[in-house]
Amino acid sequence: MPVTLPENDREHLLEEMRGYLVYATATLAAAVEGEMIEVQRLAEQVHPPLERARILASDGPSLAPPMAEQNSAQAATGGHRPNPGRFERMRRNLPQPFRLMMLQMREAIADVGRDALAHNDPLHSLRQLQRVQEVCVACHNAYRLEAGQPDAGSPPLTGVGRP
Ligand code: HEC
């Protein structure tokens, strides 16, 4: 299924994707070396944070105020640059099943981080990482990104439908 995003947002999402590949590879390396603190640290640094991924996956009215707070908190910790406009556009333009899969991936990554030191078992972490990667593959099988002018959320002006 094609998903249409403005070119800028598409670029941004692909950049995050490349980050996920770096995350998965670094976690694999850390786990095989038994560096469980690193396994935890890597999971905690993945963007978006779990709470943000939850908001992204939700439907309903704009959640601008809590987003703004979260953005400034992130800015303070030197994280991604705040961009509430993009966040709302992504929420509008990405189909909900896509956003739910993003959340599923993010939750699976959070599991890796949560269990790293608690279980202190590299094999357990690797199994969890595999579950993360199954979500990557499922989503890649289902969607591709296109650059364009999405108009999701705004009904056609004429009522005749889209061109
Ligand atoms: C919710 C959907 C979704 C999830 C989850 C997801 N991806 Fe993607 N990813 C995509 C889409 C869509 C593309 C663009 C594919 C296309 O247009 O052909 C993409 C592209 C990529 C690219 C190519 C980036 C580029 O510069 O072109 C990489 C690398 C990637 N994903 C890695 C990952 C990894 C690793 C994970 C899991 C840890 C992951 N992705 C999870 C949807 C997803």
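Trainee: Okay, which residues coordinate the iron atom of the ligand?

Mentor: M17, through SD, and H140, through NE2, at 2.0 to 2.3 Å. Keep in mind that this is a predicted model.

Trainee: Where do M17 and H140 lie?

Mentor: M17 is in helix 1 (residues 7–32) and H140 is in helix 7 (residues 122–142), so the pair ties together parts that are 123 residues apart in sequence.

Trainee: And what's the geometry of the site of the iron atom?

Mentor: Octahedral, with six donor atoms and angles of 86 to 179° among them.

Trainee: Switching to helix packing. How do the axes of helix 3 and helix 6 cross?

Mentor: At roughly 160°, and the axes of helix 3 (residues 50–57) and helix 6 (residues 96–119) come within 8 Å. Angles over 145 degrees count as roughly antiparallel, and helix 3 and helix 6 are therefore roughly antiparallel to each other.

Trainee: Is that crossing of helix 3 and helix 6 left-handed or right-handed?

Mentor: Left-handed.

Trainee: Which residues meet there, between helix 3 and helix 6?

Mentor: From helix 3 you have L50, A53, R54, L56 and A57. On the helix 6 side they meet Q96, R99, L100, L103, R106, E107 and A110. By class, that contact between helix 3 and helix 6 has seven nonpolar, one polar and four charged residues.

Trainee: What about helix 2 and helix 6, at what angle do they pack?

Mentor: About 150°, with the axes of helix 2 (residues 36–45) and helix 6 8 Å apart. That makes helix 2 roughly antiparallel to helix 6. Helix 2 passes helix 6 in a left-handed crossing.

Trainee: And which residues make the contact of helix 2 with helix 6?

Mentor: Helix 2 brings M36, I37, V39, Q40, A43 and E44, while helix 6 brings R106, I109, V112, G113, A116 and L117. Sorted by class, the contact of helix 2 with helix 6 has eight nonpolar, two polar and two charged residues.

Trainee: New topic, the backbone. Which residues does the cis peptide bond join?

Mentor: H47 and P48, with omega about 0°. P48 sits in the loop between helix 2 and helix 3.

Trainee: And what's phi of N120?

Mentor: Near 50°, a positive value in a residue other than glycine. You'll find N120 in the loop between helix 6 and helix 7.

Conventions. Residues are numbered from 1 along each chain as its sequence is written. This is a predicted model: local features need pLDDT of at least 70, side-chain atom pairs count only at pLDDT 80 or more; totals for chains, interfaces and linings use all residues. Side-chain values use heavy atoms; hydrogens and water are left out. Axes are lines fitted to C-alpha atoms, for helices over the stretch in contact, and angles run from 0 to 180 degrees between N-to-C directions. Helices (H or I, at least four residues) and strands (E, at least two) are DSSP runs, numbered from the N terminus. Angles under 35 degrees count as roughly parallel, over 145 as roughly antiparallel, 65 to 115 as roughly perpendicular and the rest as oblique. A crossing is left-handed if the near helix is turned anticlockwise from the far one by less than a right angle, and right-handed if clockwise. Contact means heavy atoms within 4.5 Å. Ala, Val, Leu, Ile, Met, Phe, Trp, Tyr, Cys and Pro count as nonpolar, Asp, Glu, Lys and Arg as charged, and the others, Gly among them, as polar. Donors are N, O and S atoms within 2.8 Å of the metal (3.2 Å for Na, K and Ca); water is not among the atoms, so sites may look incomplete. Four donors count as tetrahedral if all angles lie between 85 and 135 degrees; four count as square planar and six as octahedral if opposite donors are over 155 degrees apart and all others between 65 and 115; anything else is irregular.
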